[in-house]
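Trainee: I have a structure to read and would like to learn how to go about it, one feature at a time. Could you take me through it slowly?

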Amino acid sequence: MDIEILATPKDITEKKLKEKAAVIFDVLRATSTIVTALANGCRAVIPAKEIAEAKRIEGELKSKDVLLGGERGGERAPGFPHGNSPLEYPQAVVAGKVLVLTTTNGTRAIRLAAKGASVLLIGSLLNARAVAGRLWELQNDVVLVCAGTNGNFSLEDALAAGVVVKEILSLASGRNKIGCREGDPENLRRSGPATEAGPGNPPVILSDLATAVYRLALWYGDNLLPAFYDSRHGQRLLRLGLAGDLEHCSRLNLYDLVPVYRQGIITVPWLSLL
């Protein structure tokens, strides 16, 4: 299994994703919101690139069971009843509903990546272990795609990708820890390659960038909220009064589900489509 990382949406091409299993990360906040909504009983999420497109889709569905959510620049899109906070979508709001969602970065990256990948999964810290487990089951080459912020690299997306790499390596080796003790810089320097596999398991081959995000995940360990305080986008959300979103999105392995994007719709496989 080869694992590659695309650091920003600018790196997405059909050639890089062709016949690969891809995962999109927009941890702050689109993919975290999608995972949370589906975990709380939302039937499906329809990602839209633009505000006008989201409104059009909502109008075409013509149902009271459709929710419209939108965000631009970290704030709720003008005229939208819902934004991009995962805390806006508890079970009481989303159960049995379809969410039409448009965001600055995440939903656009989802639509862009869908043009090439053989399967496209929705990833976050909230479901990192479940995503890694699904990738290990597929035994396909993997591309982890970071949505970034306004086309630029985002620390939190790279961290989530690194956590998934760490979980895959744990599955490959049959050990809970790979190579070194988490958070210990001296052991990080001394440890060997992060590509070994256990007896009977195929090797996991990391690109240099995949190794880098793996090391990043080891550095932050299991307490991931400080990474959000370190990140530029996290700091912006804090200034907007969204500390609760950061706390929720930083929770590790809260949900055991893997949303899949197919034909314009994101669902959990055991749930019905529209």
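Trainee: Let me begin with Thr33: is this residue buried or exposed?

Mentor: The way to decide is to look at the relative accessible area, where a value under 20% counts as buried. Thr33 has a relative accessibility of 0%, and therefore it counts as buried. Please keep in mind throughout that we are reading a predicted model.

Trainee: Where in the fold does Thr33 lie, and which residues does it touch?

Mentor: Thr33 belongs to helix 2, which covers residues 30–39. Leaving out residues up to four places away in sequence, Thr33 touches Asn84, Ser85, Pro86 and Tyr89.

Trainee: How much of the protein as a whole is buried?

Mentor: Buried residues account for 57% of the 274 residues, in a protein that has twelve helices and eleven strands. The accessible surface comes to about 11,700 Å², and carbon and sulfur atoms hold 50% of that surface. If you take the contacts with a separation of 6 or more, 78% of them are between residues 24 or more positions apart.

Trainee: Why does Ala130 count as buried, and what is it in contact with?

Mentor: Ala130 counts as buried because its relative accessibility is 13%, which is under the 20% cut-off. Apart from its neighbours within four places in sequence, Ala130 is in contact with Tyr255, Asp256, Leu257 and Val258.

Trainee: What would a residue in between buried and exposed look like?

Mentor: Consider Leu61, in helix 3 (residues 51–61), which has a relative accessibility of 33% and therefore counts as partly exposed. Setting aside residues up to four places away in sequence, Leu61 touches Ile46, Val66, Val98 and Val100. Leu61 and Val100 are 39 residues apart in sequence, while their C-alpha atoms are 10.0 Å apart in space.

Trainee: What should I look for in the backbone of the loops?

Mentor: Glu19, in the loop between helix 1 (14–17) and strand 2, is a residue other than glycine with a positive phi, near 60 degrees. Gln263 is not a glycine either, and has a positive phi of about 50 degrees; its place is the loop between strand 10 (260–262) and strand 11 (265–267). Glu19 is exposed, with a relative accessible area of 58%, and Gln263 is exposed as well, with 81%. Another angle to check is omega, as the peptide bond from Leu28 to Arg29 is cis, with omega near 10 degrees. Arg29 is in the loop between strand 2 and helix 2.

Trainee: Which residues are closest to the centre of the largest pocket?

Mentor: The largest pocket has a volume of about 320 Å³, and of the 20 residues that line it, Thr149, Asn150, Arg232, His233 and Arg236 are the closest to its centre. Helix 7 (155–173) and helix 11 (232–239) are the elements that give two or more residues to this lining, and helix 11 gives the most, with four residues. By class, three of the lining residues are nonpolar, ten are polar and seven are charged.

Trainee: Where should I be careful in reading the model?

Mentor: Follow the pLDDT, which averages 90 over the protein, with 88% of the residues scoring at least 70. Over residues 176–194, however, the pLDDT is below 50, although this stretch has 29 contacts in the model beyond near neighbours in sequence. Where pLDDT is low, the predicted coordinates should not be read in detail.

Key: Residues numbered from 1 in each chain as written. Predicted model: local features only at pLDDT ≥ 70, side-chain atom pairs only at ≥ 80, totals over all residues. Heavy atoms only, no water. Buried < 20%, exposed > 50% of the residue type's maximum accessible area, 1.4 Å probe, protein only. Contact = heavy atoms within 4.5 Å. Areas by Shrake-Rupley, 256 points an atom, 1.4 Å probe, with all protein chains shown as cover. pLDDT = per-residue confidence, 0-100. 1 Å grid on protein atoms, 1.4 Å probe; cavity = no way out; pocket = protein on both sides within 12 Å on 5 of 7 lines; lining within 4 Å. Points joined across faces, edges and corners; volume = space filled by probe spheres on them. Nonpolar A, V, L, I, M, F, W, Y, C, P; charged D, E, K, R; others polar.
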